[in-house]
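Work through the exercises below with the coordinates open. Try each task before reading its solution.

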Amino acid sequence: MFDFVRKHNRLFQLLLLILILPSFALVGIEGYTSFMDGANKSVATVAGQKITQAEWDAAQREQADRLRRQMPNLDPKLLDSPEARREALDGLVRERVLQAAAKDQHLFVSDERLQAMFMNDPQFAFLRNPDGSLNKSLLAAQGMSSQMFVERLRQDLTLRQVSAGLANSSLASSANAGVAFDALLQQREVQLQRFKAQDYAAAISPSDAELEAFYKDPKNAQQFQVAENAQIQYLVLDLEALKSDVSFTEEDLRKYYSENASRYTVAEERRASHILIKTDKDGKPDERAKAKAKAEDLLAQARKNPAQFADLARKNSQDEGSAANGGDLDFFGRGAMVKPFEDAAYALKQGEISPLVESEFGYHIIQLTGVRGGEKKSFESLRAEIEAEVRKQLAQKRFTEVAEQFSNSVYEQADSLQPVADKLKLNVLNATVQRKPAPGATGPLASVKLLEAVFSDDSLRNKRNTEAVEAAPNQLVAARVVQHNPAHLLPLAQVKDTVKTQLIRQLATAQAVKAGTARVAELQKAGAADAAGLEAPVLVSRALPRDLPRKVLEGILSADASKLPAVVGIDGGDGSYVLARINKVVARDPAVVDAKRAATQYAQAWSAVEAQAYSNALKTRYKAVVKAPAAAASAAQ
């Protein structure tokens with residue numbers, strides 16, 4: 001079949017063209033592209049509305065960007081892990097469920113409430129300018145306009161209303177909190193006796209027959225198997241591979257510098273102090289006239305003695321945020337202040353005092369105290385950066401030109417990758433891969449799509465080149481299987497030492513458990529009189545685990561202590577068996593959690609549980625269904 005396609009390539013191109021053109025006419029180029037690239041694929045549904053792969057990818061990018069801003073040193077691998085991708089999708093589903101609930105409940109946040117919250121909530125203080133306006137430069141640094149910020153805040157507050165009443169309604173008395181924390185942090189005095197597998201291992205010497213039986217046991221076989229793998233050659237066409245093959249001149253670099261001059265100019269910032277006399281634009285004329293007269297009098301005083309501007313501001317300015325600092329507003333850029341204030345400040349020379357400036361907040365008297373920025377960086381200081389950018393742009397252009405050639409060539413010359421590598425000056429790389437990306441894999445070898453192509457029936461059977469796979473944006477990869485190695489059991493002779501070690505450990509663990517179980521029975525009969533082999537008494541609790549394995553600690557704390565002393569045995573699950581004699585129960589240490597803090601934490605925990613239960617109920621009500629598997633890759637992979 002594939003040989004016939006290759007031999008009649010032009011015929012098939014014509015047939016495909018005839019089939020494809022009507023599709024373009026019906027759904028349009030954009031719709032056809034979306035259909036073909038899988039971006040419109042549904043990964044979840046809420047209330048019958050689908051969440052697409054493209055929306056999931058966008059949510060994941062936004063989540064990664066937010067985490068990078070919050071934790072610059074975070075390992076980049078964590079941002080694109082299956083867990084991170086699933087968290088982004090779960091967040092998207094939660095948001096859509098809350099949106100559906102808010103719509104049904106007719107919830108909305110008015111402009112007045114938004115304004116009041118922005119002006120009064122401390123969490124927004126960093127976004128407020130001294131005059132109370134929105135700091136647009138800070139928003140721009142986050143990639144948002146003021147309109148985007150307002151709408152996002154409105155949506156966030158609207159969605160919060162869905163569950164706020166429930167989340168804030170949980171009450172917890174000190175008595176209830178005390179009971180809960182007493183149970184959780186109860187202390188027990190115990191004496192331990194440990195039975196470790198390694199103490200019994202030296203005396204165990206399994207026979208060859210026992211080793212062979214252990215090796216052949218299906219329950220153990222996987223330990224001695226080599227997983228299926230393939231030795232491959234692969235080619236990567238990406239910007240990095242093409243950067244070294246682009247050429248440019250010094251003139252090209254200087255032209256790029258000139259065309260992008262604005263990028264290399266430091267934005268001018270100004271520092272000013274001001275005196276504000278507040279007045280309402282819609283206030284009574286006599287009140288406005290009185291405010292203006294007061295501002296004019298202060299202006300006259302400031303101009304008469306500019307050195308006393310700070311004292312005048314401290315005594316007279318009605319801007320609570322800056323008056324205590326002598327009216328100082330620190331440095332600000334364009335767009336940070338209201339327009340009349342900005343225009344006046346940028347029209348002054350350093351040290352000058354403005355005439356009265358009227359804004360929506362009242363009358364301002366402005367003194368310019370500093371100017372910085374506005375300088376253009378030299379070409380020489382930026383040469384390395386410009387060269388890197390030009391090289392990247394040329395590589396991008398080159399990638400666009402040769403991507404189709406790469407895809408066609410690996411398909412048409414399917415018996416080898418070398419001709420394509422020679423033609424495009426790429427390096428043929430070698431690797432051994434499995435059906436799933438190896439832990440910590442990066443780059444093309446982490447692409448699920450590439451590995452699926454490598455392990456396809458045609459690729460394994462015929463050893464032909466895979467199709468060109470888009471492993472990442474601006475990255476095409478093609479591979480060819482050199483040797484396929486199915487999963488197989490290693491010969492016993494090759495793994496005999498490993499088999500022996502595993503069997504001895506198993507038998508030694510069984511002996512440790514047997515000895516521990518027998519000792520538990522002895523102590524249960526003998527009572528408190530028999531203390532042979534027991535360690536000195538110690539207090540243990542969840543707050544004081546004494547380096548005990550979690551399984552052992554939970555076994556001790558959950559044991560019936562109604563009749564003491566009580567003896568329990570716990571299999572540690574790590575080749576050890578621990579005997580514990582519980583001598584007495586001791587109340588929790590009040591220093592760990594005081595009563596007031598316990599009540600607060602108990603209420604918070606109860607609220608979280610109720611909120612989660614309500615969230616789950618809403619998901620059921622609005623038929624939230626996640627179709628993507630937990631470890632699904634993004635569309636790019």
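The model is predicted.

**Exercise 1. Find how many aromatic pairs a search of the whole structure gives, then describe the pair of Tyr257 and Phe379.**

Solution. 
- Step 1: Searching the whole structure gives 5 aromatic pairs.
- Step 2: Take Tyr257 and Phe379. Their ring centres are 5.6 Å apart, and the planes make 75°. Planes over 60 degrees apart count as edge-to-face, so this pair is edge-to-face.
- Step 3: Tyr257 belongs to helix α14 (residues 250–259), and Phe379 to helix α18 (residues 379–412). The two are 122 residues apart, so the pair links distant parts of the chain.
- Step 4: Check exposure. Buried means under 20% relative accessible area. Tyr257 has 11% and is therefore buried. Phe379 has 5% and also counts as buried.
- Step 5: Look for a cluster. Phe214, Tyr215 and Phe224 form one.

**Exercise 2. Which residues lie over the faces of Tyr346 and Phe331?**

Solution. 
- Step 1: Over the face of Tyr346 lies Arg334, 4.0 Å from the ring centre.
- Step 2: Over the face of Phe331 lies Arg372, at 4.0 Å from the ring centre.

**Exercise 3. Work out the strand order of the open sheet of 3 strands, then place the helices that pack on it.**

Solution. 
- Step 1: The order is β2-β1-β17, and the pairing is antiparallel.
- Step 2: Find the edges. They are β2 (49–52) and β17 (625–626). Each has a single partner strand, so one side of each lacks a neighbour in the sheet.
- Step 3: Count bridges. Strand β1 (residues 42–46) is joined to β2 by 4. Val46 has Gln49 of β2 as its bridge partner.

**Exercise 4. Which residues of helix α23 (residues 550–558) are buried, and what covers them?**

Solution. 
- Step 1: The buried residues are Val552, Leu553, Ile556 and Leu557.
- Step 2: Look down the axis of α23. The buried residues fall within an arc of 125°, so they line one face of the helix.
- Step 3: Recall the helical repeat. An α-helix has 3.6 residues a turn, so residues three or four places apart point the same way.
- Step 4: Turn to the face away from the buried side. It carries the exposed residues Arg550 and Ser558.
- Step 5: Identify the cover. It includes β3 (187–196), β14 (538–540), β15 (566–571) and β16 (576–586).

How values were computed: Residues numbered from 1 in each chain as written. Predicted model: local features only at pLDDT ≥ 70, side-chain atom pairs only at ≥ 80, totals over all residues. Heavy atoms only, no water. Buried < 20%, exposed > 50% of the residue type's maximum accessible area, 1.4 Å probe, protein only. Arc of directions from axis to C-beta. Contact = heavy atoms within 4.5 Å. Pairing = 2+ DSSP bridges. Phe/Tyr/Trp six-rings, centres within 6.5 Å; stacked < 30°, edge-to-face > 60°. Lys NZ or Arg CZ within 6 Å of the ring centre and 35° of its normal.
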